[in-house]
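Please consult the sequence and the structure while reading.

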Amino acid sequence: MTTVSIIGGSGYGGGELLRLLLSHPNVEVKQATSRSHLGEYVYQVHPNLRKRTQIKFSDPFNLETVDVLFLAQPHGQAQHNIEQLVPLADKIIDLSADFRLRSAEDYQKWYGEPHAAPGWLEKFVYGLPELHRGEIAGARYVSGVGCNATASNLALLPLVKAGLIDLSAPVIVEIKLGSSESGVEGNTGSLHAERANVIRTFSAFGHRHTAEVMQELGLTDISLTMTAVDLVRGVLATAHARVKPGVGQKDLWKAYRAVATENPFVRVVKEQRGIYRVPEPKILSGSNYADIGFDLDESNGHVVSMCAIDNLMKGAAGTAVQCMNLMLGLDETTGLEFAGLHPL
Amino acid sequence: MLNANCPECDADITLDPSAEVGEIIVCPDCGVDLEIISLNPVKIDLAPMEQEDWGE
């Protein structure tokens, strides 16, 4: 059995990692740390895990060595103690934003402060298997992914990979997102009285996840607009772009079909009947699938490309476990087969 | 093998050996209804679909 531990096990990302790893057939969870919940049973913070584990939260300064160490701390922490963490594990997967960007200059631009360990940026592989499967399989250090970045990257991946976008026009991605993206700490905007029933565009442009899309897809003229909606889990990215002259529906089908064929968790949703004709995050809760779809106005080349995910799964913990599977030489779907719920 | 391509999305479609002319099949990729026009050679075409009031 592969031994794993989680630093920062009391947050939503850490809880989702625990849910997945406790059921994983090739993994034994050794420790989950939390300073604020030290000594408490894991299920007292993550009630869905009652009767699944008797692990108590441990002290992050009292970690045993393991095969794989997951870092699920708030952004900005791992970069300050990466040197101390490395001797604890053969492989490290960091869910935070600390090692997602390859350039220290980009980090400072988007996160507003210098990176504390710039020499480590190039040692991490960006942890989205749909973009870096081969590199992840041979990596010791893998970063997490931004949930909104993942929805955007997967919405645009078929178009970019097939070279169908007219790059003389801007790419605009409108993102609707659920409240669990804010994390377990929250703020006054997370209060039920303020968060319930909202459709709130809280970031018109300049969101930090934009940097991951620019870096990974090589797009420069791209904006991400974030709108909070009345969901707990889920992200829907709706990307608007212009295709090159002559590109038609069949070209798009070919491009989207190719990406879905190459990637076990990517599905094309473009139905002609029924209720679920387009990607929707609702039916993806708890699953690692990314549903992508598109439509094209052939009169002017305006393409609308969509991607729905569960932000805590494909947008965080699910993708991290998918990366672990690849790093360990396992089938990348191991422990991630849950199909979601319907109705929900 | 009775093979054809969907006229809507270009998906590869393999007809069942018992397929008959006039039969309506569904494209496994894009979900459109398709009518088998002929079997030798295989020819399929879009079949009329009932327009549903959907979504709004």
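Helix 6 of chain A passes helix 8 of chain A in a right-handed crossing, a crossing being right-handed if the near helix is turned clockwise from the far one by less than a right angle, and left-handed if anticlockwise. The model is predicted: local features need pLDDT of at least 70 and side-chain atom pairs count only at pLDDT 80 or more, whereas totals for chains, interfaces and linings use all residues. Residues are numbered from 1 along each chain as its sequence is written, while chains are lettered from A and ligands numbered from 1 in the order in which they are written.

**The helix pair in chain A**

- Helix 6 spans residues 147-161 and helix 8 spans residues 209-217 of chain A, and their axes come within 9 Å and cross at roughly 25 degrees.
- Axes are lines fitted to C-alpha atoms, for helices over the stretch in contact, and angles run from 0 to 180 degrees between N-to-C directions.
- Helix 6 and helix 8 of chain A are therefore roughly parallel to each other, a term for angles under 35 degrees.
- Helices (H or I, at least four residues) and strands (E, at least two) are DSSP runs, numbered from the N terminus.
- On the helix 6 side of chain A, the residues A:N148, A:A149, A:S152, A:N153, A:L156 and A:V160 meet A:H209, A:E212, A:V213, A:E216 and A:L217 of helix 8.
- The residues of this contact divide into five nonpolar, four polar and two charged; Ala, Val, Leu, Ile, Met, Phe, Trp, Tyr, Cys and Pro count as nonpolar, Asp, Glu, Lys and Arg as charged, and the others, Gly among them, as polar.

**The domains of chain A**

- The domain assignment, which is automatic or from a database, gives domain 1 (2-124) and domain 2 (147-311) in chain A.
- The C-alpha centres of domain 1 and domain 2 of chain A lie 27 Å apart.
- In chain A, 10 residues of domain 1 are in contact with seven residues of domain 2, contact meaning that the C-beta atoms, placed from the backbone, lie within 7 Å.
- Helix 4 (residues 104-111) of chain A gives the most to the side of domain 1 that touches domain 2, with three residues.

**Chain B and its contact with chain A**

- Chain B has zero helices and five strands.
- The contact takes nine residues from chain B and nine residues from chain A.
- The side of chain B that touches chain A has five nonpolar, one polar and three charged residues.

Conventions: Contact = placed C-beta atoms within 7 Å. Parallel < 35°, antiparallel > 145°, perpendicular 65-115°, else oblique.
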